Amino acid sequence: MQGFLIVIAALCSLSVAADIVDERTGLIKDGAWQLVAAHCGNCHSLQLVTGNRGDRRIWLETIRWMQARQNLWQLDAQTEDQILTYLAKNYPATAPRRRKPLAPHLLPKTNRNLLVEPETGF
Ligand code: HEC
């Protein structure tokens, strides 16, 4: 039993190790995170970065929008590529987290329908 628990604990720490967050910046320590810390925390909190999600195209649009409207400087091609790779990998687009509401015809007419019915097992 104890051995089993140790294995579980080791597995848990492994999966956490992949996502270590830097205490000062709040950024996931991976790849070009220090470039992001250097370029992306000057005008607003880095929480605005870590709180957002997007694929590479969405992150690029965000950068282009800040360059066009918010005075973000030109990033050289290599720096921009590394930043985009980091953002798309660590803060990727997510599927909407809430399910859609059920269609009215799928809702129970009475509470009785919510009871478990042995015949259907549902
Ligand atoms: C020169 C200033 C400046 C820098 C540097 C900067 N940003 Fe921004 N960014 C802004 C401003 C201004 C806003 C709008 C803030 C607000 O809405 O409160 C913004 C908004 C954002 C948003 C929210 C966009 C939205 O849809 O609401 C994200 C995400 C973001 N920035 C990411 C980044 C990333 C990633 C970097 C580094 C590549 C970066 N920013 C660097 C000025 C900057």
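Biologist: Which residues in α5 do Arg-56, Trp-59 and Leu-60 in α4 meet?

Modeller: This is a predicted model, in which local features need pLDDT of at least 70 and side-chain atom pairs pLDDT 80 or more, while totals for chains, interfaces and linings use all residues. Residues are numbered from 1 along each chain as its sequence is written. Helices are DSSP runs (H or I, at least four residues), numbered from the N terminus. Contact requires C-beta atoms, placed from the backbone, within 7 Å, and the partners of these α4 residues are Leu-84, Leu-87 and Ala-88.

Biologist: How many nonpolar residues does the contact of α4 with α5 have?

Modeller: Ala, Val, Leu, Ile, Met, Phe, Trp, Tyr, Cys and Pro count as nonpolar, Asp, Glu, Lys and Arg as charged, and the others, Gly among them, as polar. The contact of α4 with α5 includes one charged residue and no polar ones. Its nonpolar residues number five.

Biologist: Are α2 and α5 roughly parallel or roughly perpendicular?

Modeller: Helix α2 spans residues 33-40 and helix α5 residues 77-90, and their axes (lines fitted to C-alpha atoms over the stretch in contact) lie 9 Å apart. The packing angle is about 110°. Because 65 to 115 degrees is the perpendicular range, α2 and α5 are roughly perpendicular.

Biologist: Which residues in α5 are met by Trp-33, Leu-35, Val-36 and His-39 in α2?

Modeller: The residues of this contact divide into five nonpolar, three polar and no charged. On the α5 side, the residues are Thr-79, Gln-82, Ile-83 and Tyr-86.

Biologist: Which helix gives the most to the shell around the ligand?

Modeller: The ligand is surrounded by 16 residues (C-beta, placed from the backbone, within 6 Å), and the closest are Cys-40, Cys-43, Asn-52, Gln-70 and Leu-72. At least two residues of the shell come from each of α2, α3 (47-50), α4 (56-69) and α5. With three residues, the leading contributor is α4.

Biologist: How many residues of the shell around the ligand are charged?

Modeller: Nine residues of the shell are nonpolar. Seven are polar, and the number of charged residues is none.

Biologist: Which residue follows α4?

Modeller: The residue after α4 has a positive phi. That phi is near 70°, and the residue is Asn-71.

Definitions and conventions: Axes are lines fitted to C-alpha atoms, for helices over the stretch in contact, and angles run from 0 to 180 degrees between N-to-C directions. Angles under 35 degrees count as roughly parallel, over 145 as roughly antiparallel, 65 to 115 as roughly perpendicular and the rest as oblique. Two residues are in contact if their C-beta atoms, placed from the backbone, lie within 7 Å.
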